[in-house]
Amino acid sequence: MKITIIGTGYVGLVTGACLAELGNNVFCLDVDQKKIDILNNGGIPIHEPGLEDIVTRNRDAGRLTFSTDVAASVAHGDIQFIAVGTPPDEDGSADLQYVLAAARNIGRYMNGFKVVVDKSTVPVGTADKVRAAIQEELTAREAGATFSVVSNPEFLKEGAAVEDFMRPDRIVIGCDDTPEGQQAHALMKKLYAPFNRNHERTFWMDVRSAEFTKYAANAMLATRISFMNELANLADKVGADIEAVRHGIGSDPRIGYSFLYAGCGYGGSCFPKDVQALERTARDYGQDLLILRAVEEVNHHQKHVLGRKIVERFGENLAGKHFAVWGLAFKPNTDDMREASSRVLLRQLIERGATVAVHDPVAMAEAKRVLALDFADAPQLLERIRFSESPMETLRGADALAIVTEWKAFRSPDFDLVKSLLKAPIIFDGRNLFEPDVIGDAGFEYHGIGRSVLTRS
């Protein structure tokens, strides 16, 4: 099948590459010439395990094309996926300017029937706006081409996106009940047929329900995280172990174990903006989503917890103190720094006078770019951050180690070496990577999240 993907960001590039891997002829469009040049010259602009091999294989096979040519992209695909960014606006709502610009371009150049698929995460009712934008362009040039707008939200986890796309647990597709919608249904069914050979994974519904499903899913996952983080903070006060609690409640099949890990807050491109966008949608309809407001507030608070633990241990004035930080990306297996908890911690430490040595397995370059923007108001503070080539290099002379991202490479370090390099054997574990008893027996002072302070000599 001939497919066009509009936008070669995280969702668009994964979608395009994986559909090409299944034998489709995919045309990926982006207005960013620099990004297209990277893709055409053998690179990829994001870090995602397994993606580079798929892109290279299908580009070399001629099934995957990258271009900035809008007219050619519209002419190519019978199915046009809109996978552009929907960043949060000032009021928290999703900014649809790029989605609607893509829709207008389709309307401006299309000559035959097109299925226009909203792949970007968009608020309920966006399909109506996309439909209106396309129709306005068709009317302006007196074109009689027909089309159908479909909602097909993505459920990709950064760090496991290729696996999620190729082996989905569900495929959600929203179509309208019109002749054009029925034609779109047939094309989308054909496109996703390879994923349903073992058993049917597709959930068909109306367009608005499909749009709503994406936000509901992310809001539920964010709620579980904030719920456990709030309980973890209480566990610290009462002397309970939140990991034992997680096992105790997760064994209930109505609850389960997933997304019940306490830590120093969630980040990334999805949960923060999607929770805000859903809240904004509710306000537009005169409803206040009290639970989601609390979810967002708890997460904002949680990003400061690790820094507060350090301040409680070393005092408000951290001048002359030096800390090692392991992990910068918002989660492992990605270089994504959007809404990362590390950014909050670094500002907390540096503004109190500390210096910091940091390391992340893949996010170093992106972290340098993002932190330069974070400290644009006080660039001299950025000089207090040293980027180290290895985790162990960060530890030399540090007063304590803080862990912010749960990379596998951090899970089983040489504790004797860690202890010898640190000025004092103190660990602040923002992701509860270690067991307090084990780390205590190794002679460390250990501060986890919801796991009471443990000191062994």
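The model is a predicted one. The helices are α14 and α15, which pack at an angle of about 50°. The threonine is residue 86, which sits in the loop between β4 and α5.

**The pair α14 and α15**

- To find the pair, look for helix α14 at residues 341–351 and helix α15 at residues 364–374.
- Their axes lie 11 Å apart, and the angle of about 50° therefore makes the two helices oblique to each other.
- The crossing of α14 and α15 is right-handed.
- On the α14 side, the residues that meet α15 are Arg343, Leu346 and Arg347, and their partners in α15 are Val370, Leu371 and Asp374.

- Threonine 86 has a relative accessible area of 5%, so it is buried, the cut-off being under 20%.
- Its side chain reaches the backbone oxygen of threonine 121 at 3.0 Å.
- The side chain of threonine 86 is also joined to the side chain of lysine 273, by a polar contact of 3.2 Å.
- Setting aside neighbours within four places in sequence, threonine 86 touches Ala94, Asp95, Leu96 and Val99, along with Ser120, Thr121, Val122 and Lys273.

Notes
Residues numbered from 1 in each chain as written. Predicted model: local features only at pLDDT ≥ 70, side-chain atom pairs only at ≥ 80, totals over all residues. Heavy atoms only, no water. Axes fitted to C-alpha atoms, helices over the stretch in contact; angles between N-to-C directions. Helix = DSSP H or I, 4+ residues; strand = E, 2+ residues; numbered from the N terminus. Parallel < 35°, antiparallel > 145°, perpendicular 65-115°, else oblique. Left-handed = near helix turned anticlockwise from the far one by under 90°. Contact = heavy atoms within 4.5 Å. Buried < 20%, exposed > 50% of the residue type's maximum accessible area, 1.4 Å probe, protein only. Polar contact = N/O pair within 3.5 Å; in protein donor to acceptor, adjacent residues only side chain to side chain.
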